[in-house]
Amino acid sequence: MISQVFILSSKGDHLIYKDFRGEAGKDAVNKFYEMVTALTGGQPPVVMKHKELHFVHIRQGGLYWVATTKADASPFTIIEFLNRLTALVKDYCGCLSEKSVQMNFALIYELLDEVVDFGYIQTTSTDILKNFIQTEAVSSKPFSLFDLSNVGLFGADTQQNKVAPSAAATRPIVSSQGEQGGKNEIFVDVIERMSVVIGANGVLMKADIEGEIRVKCYMPSCSEMRIGLNEEFSIGKSQLSGYGAAVRVDECSFHQAVRLDEFDTYRILKVCPSQGEQTVMQYQLCDDLPTAPPFRLFPSIERDSGGRLLMYLKLRCDLPPKSLSQELSSPDQSAELQPKNKAVHWEIPRFPGGAQLSALFKLEVSGLSAASLQEVGPVSLSFELPKYTSTGLQIRFLRLSPIQPGPSQRWVRYVTHSDSYTIRI
Amino acid sequence: MRSVMFRFHVCAGEIFELKAELNSDKKEKKKEAVKKVIASMTVGKDVSALFPDVVNCMQTDNLELKKLVYLYLMNYAKSQPDMAIMAVNTFVKDCEDPNPLIRALAVRTMGCIRVDKITEYLCEPLRKCLKDEDPYVRKTAAVCVAKLHDINAQLVEDQGFLDTLKDLISDSNPMVVANAVAALSEIAESHPNSNLLDLNPQSINKLLTALNECTEWGQIFILDCLANYTPRDDRESQSICERVTPRLSHANSAVVLSAVKVLMKFMEMLPKDLDYYGTLLKKLAPPLVTLLSAEPELQYVALRNINLIVQKRPEILKHEMKVFFVKYNDPIYVKLEKLDIMIRLASQANIAQVLAELKEYATEVDVDFVRKAVRAIGRCAIKVEQSAERCVSTLLDLIQTKVNYVVQEAIVVIKDIFRKYPNKYESVIATLCENLDSLDEPEARAAMIWIVGEYAERIDNADELLESFLEGFHDESTQVQLQLLTAIVKLFLKKPTETQELVQQVLSLATQDSDNPDLRDRGYIYWRLLSTDPVAAKEVVLAEKPLISEETDLIEPTLLEELICHIGTLASVYHKPPSAFVEGSRGVMHKRLPAQGTECPDVGNAAGGSAPEAAPSIIPSQGDLLGDLLNLDLPAVLLPLFNTNCSSYGILYPQVWLPAMKAKGLEISGTFARRAGVIQMELVLTNKAMSVMTDFAIQFNRNSFGLAPAGPLQVLTPLGPNQTIEVSLPLSTVGPVMKMDPLNNLQVAVKNNIDVFYFSCQYPISMLFVEDGKMERQVFLATWKDIPNDNESQFQIQDCHLNSASNKLQGSNIFTIAKRTVEGQDMLYMSIKLSNGIWVLAELKVQAGNPNYTISLKCRAPEVSQCVFQCYEAVLKN
């Protein structure tokens, strides 16, 4: 049972405060801010306790979203709820920022009133809530190319054509037929996160992929959407995939609203997309990747005669090369020593498939011994691969019914992120 | 903070301006003004002065404006209770509005105005809304009952809202069901003994049906409610599990965890050889693994829960070791939790993999993490015997890196390895000794000194090494000082000739120059031992030490069981029972896992009066010495003795009422007896915990015959560990009365300094038979005729071989009034009077040569007949 919900700016200003059960005072807000700013790195910030009150919070859009409880409530429920709340606010207000929350406080209060009653969570579905919400959203910046909140998804491809403008997906779903409001758009994103461990001997020790299909819908009158996945898509380890490029995952879970009657035979997901964003499918694949991991590293570490540490790193990208070749050594590369983390940070803005980059780092380390070479490593990579899924999952088609009147746009985007890509030395 | 600074600066001018705008005729202007008021309210300004003006805006058909006004009302009504009454009329009117949104809004807001005066006006509208045709209104009203209960519990009971709420569990709309369940669950928590939720197979079935249809949040309420149910048998528990399992693939991790909780609990009842048990185990693994792909916050919470699950049922995740491998970019709190789980899952099958990982971790940057990784290697060595050698060599590799904190951690764990595998890895001591100088942490120094002392005979220069520590004796921490003292004494006992001086030195340092009493005492003890009896000293100081085991860092089983019942909640994150951090009565009920293979609860106790199945419990199962001795010949010799002695009182053999497992180490067993007209409860309290128990007290719940303690529980001295005390508690029969099922059930609460424990037991009803229960013949005849025949019940007592039943029965205050013989049949007429004045009349038919007796019982309260019959059976057969 949630006792209070409040939203704070990063500086601790009260943006929203709502008390559901009248069992805790408003001073809890300041107490929370004191506690959260006093946390040290090693302490788990998830659940904090002050006297009889327990705080659960998340950070999104630079804001603290906090719920308190006095009972032995479930932190899972509360964290999930806060995540949904941020999604709802994002759906209704367009984006998450201090400004948009401030401007739409009346709307957010109204939302909170419908979403939680006496601490019991009622619903977080945008569709159901639409029937109750009266206040209209105030958009802070209706349409701005400088809004970079979604840039990460498209990576460097933002400037290229074929991609939806970044701000298109950051507007309120239920804006009144405003300037750009009537646009019928639907975004389907396939996002995969990859965690890989490659041993010092070059053997792949672990490779996991967590993926999800996310739909963001701006269609007011879409009753059914059919998403076709690869026909040879299979779930579970037992099924033998036979020949060819079967796409396989270990585990799959679906959003409650997804109907699966055509899934077993045709691999079609049927969704009635509610306006706003939702994750329709999540899947995982452990160990058995269909392709080799995208990056390999060939390191050599030694001590030179002057007692310096020499690190010669050769990094190869094993993705299929694109037809358009790019210059190899990008001039934008940079490297930097970060003494605080005891790490060297090597940044490569673009890395075409099939290419290879190398770097030589010379480091002065005091008291370097043969044994301390053992301490070097591991190498951790973070990257983003646009238009690529490592499981091979593809959206075969995207059909909407009834046929949308007027121009409608459907965007399908793929991206693979590194979650944790570690190469040991 | 900005808000605080502004709080005192709402100037009169601003208020005045807002007032004017609030009273404006234009709707838009009004709305904007109310918005401004609420904005000020949020940042903490005091705008309560505007109360009447805002309330005036309430009567509007604009829903948006209405909602804003209600928002204001909820915030300020409590501070202005008199003015809040002004709003009541509008609320009552709104509850009749044709628009369901407005009806629901009104009833929701009214419940949030926590003013006592308003509650009486709330009742009528609430009653209507609970029966509203619109499900949105009904679900809001269901929550409102909980709100009202929070303000005025008595009112809710008096108005019968609880029954209406119970009806809503069968509502057609799943949302309404979910809210009704949530509200009832919360209300039930404040009445631990009431049967509000009344979970039975039918209602469970309804809940399971609603589970499939309602929203994810509703599913959580229902699952949490299901978790409180105890199925009757393993078949029911399996069928519930089958219907809950689909929830495991839900996208909402809170639903998944609640489902896991239900399954973990009900699994306890399934026989392990069942196929389904294995299937279920397999099904539990993937969802738990999926939880680890969430955000770090959720991951952390998930890991804390998995830590519990792994301790309870390691088999679920035994093949999933890899998912707990640490990722480079995990936050440190996630890393540490993962490490802990890795060790718990380590086994012979995966140890090579685990060790390779741990070795990697030991070279990372974060110091805390590295330390824990090194310790983990040691714990693996202790847990998986086959890996010990490999662990030791890994540790030696790490020592070679000469990284200071790695070396120190490694030495600390190697000491533990020595204690687990003595005389096996001493070859590494030489390497350890090389690093003596770099040790600057007390724990590592103490560990090293212990190693030197323990293996003094194999280290040539042990005396030099220890002497070097002795120089700065007074600057060391106590831990090191104590260790040094012991190590030098050990050395002396092993090599007495060359170390006499050293031991003198340390003894005088410890006894004369130290202020620390522990150190001084230990020094004196050694001194005296050495000077009086060196042989004894050797036996004491160099005695063989018990081996250590990996179980030391496991959560205590009783606590673990309780925590498993709280999977997914804060308790599972803190690893503390809810009673440790939740105030008041809410949530302090101690939950327990059901016992495996329990049949219907009354079957075991049906025999009430006689208790042949209770016999095994006489012998303590703990396997202590006394128990073993008794075990040899007790069943044959002692049992008959017991029977003849006690039958006249109709006593039960002592039964274990509260096992130590369930009461943090307190075991309670006992019997009932009637002595000289006084009912006695004979309790045996055994302390099986490690700490002393004090402050005992006892209380009974209301029961059928008003049994209550006639005095306090006389436990005057504290009960030490492993101590047992027998207490006799006289009972009176003038306590509060409530009919129990079964009739002779007694619910008892025992308190001590640790906690309050609840158990229930059954007493033989013969205890209540009073001494003046002999009826006059005439009265007997009249009464027998007077009691309607419907109240007569007949029973058979089989295999009875008695010469004189009546004498035997008289001992239990069952009085024979008359006897006549008809056609070879003896007819005995008997009367019994219960302590509460109820008379029971009996007719016993005994046929010569037939061991089966027939008994007819007549009583104005026919419910007692069954119990009385059981007493007859018990008395006659013994």
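This is a predicted model: local features need pLDDT of at least 70, side-chain atom pairs count only at pLDDT 80 or more; totals for chains, interfaces and linings use all residues.
Start with A:Asp208, A:Glu210, B:Val289, B:Leu292 and B:Val323, which are the closest to the centre of the largest cavity among the 14 residues that line it. The space inside is about 140 Å³. In total, seven cavities of 30 Å³ or more are found.

Next, select strand 9 (204-217) and strand 15 (276-286) of chain A, the elements that each give two or more residues to this lining. Strand 9 of chain A has the largest share, with four residues. Colour the lining by residue class: five are nonpolar, four polar and five charged.

**The salt bridges**

Across all chains there are 64 salt bridges. Go to B:Asp330 and B:Lys338, where the closest N and O atoms are 2.8 Å apart. Both B:Asp330 and B:Lys338 are buried.

Then select B:Lys335 and B:Glu364, a salt bridge with an N to O distance of 3.4 Å. B:Lys335 sits in helix 20 (residues 332-345) of chain B and B:Glu364 in the loop between helix 21 (351-361) and helix 22 (367-383), so the pair ties together parts 29 residues apart in sequence. B:Lys335 and B:Glu364 are both buried.

Move on to B:Lys359 and B:Asp397, which meet at 3.2 Å, N to O. Because B:Lys359 belongs to helix 21 of chain B and B:Asp397 to helix 23 (residues 388-400) of chain B, this pair links parts 38 residues apart in sequence. B:Lys359 counts as partly exposed at 33% relative accessibility, and B:Asp397 is partly exposed at 33%.

Finish with B:Arg371, B:Arg375, B:Glu409, B:Glu441 and B:Glu443, joined into one network by salt bridges that share partners.

Notes:
Residues are numbered from 1 along each chain as its sequence is written. Chains are lettered from A and ligands numbered from 1 in the order in which they are written. Side-chain values use heavy atoms; hydrogens and water are left out. On a 1 Å grid over the protein atoms alone, a cavity is a set of points where a 1.4 Å probe fits but cannot get out, and a pocket is an open set with protein on both sides within 12 Å along at least five of seven lines; lining residues have an atom within 4 Å of a point. Grid points are joined across faces, edges and corners, and a volume is the space filled by probe spheres set on the points. Ala, Val, Leu, Ile, Met, Phe, Trp, Tyr, Cys and Pro count as nonpolar, Asp, Glu, Lys and Arg as charged, and the others, Gly among them, as polar. A salt bridge is a side-chain nitrogen of Lys or Arg within 4 Å of a carboxyl oxygen of Asp or Glu. Buried means under 20% relative accessible area, exposed over 50%, partly exposed in between (1.4 Å probe, protein chains only).
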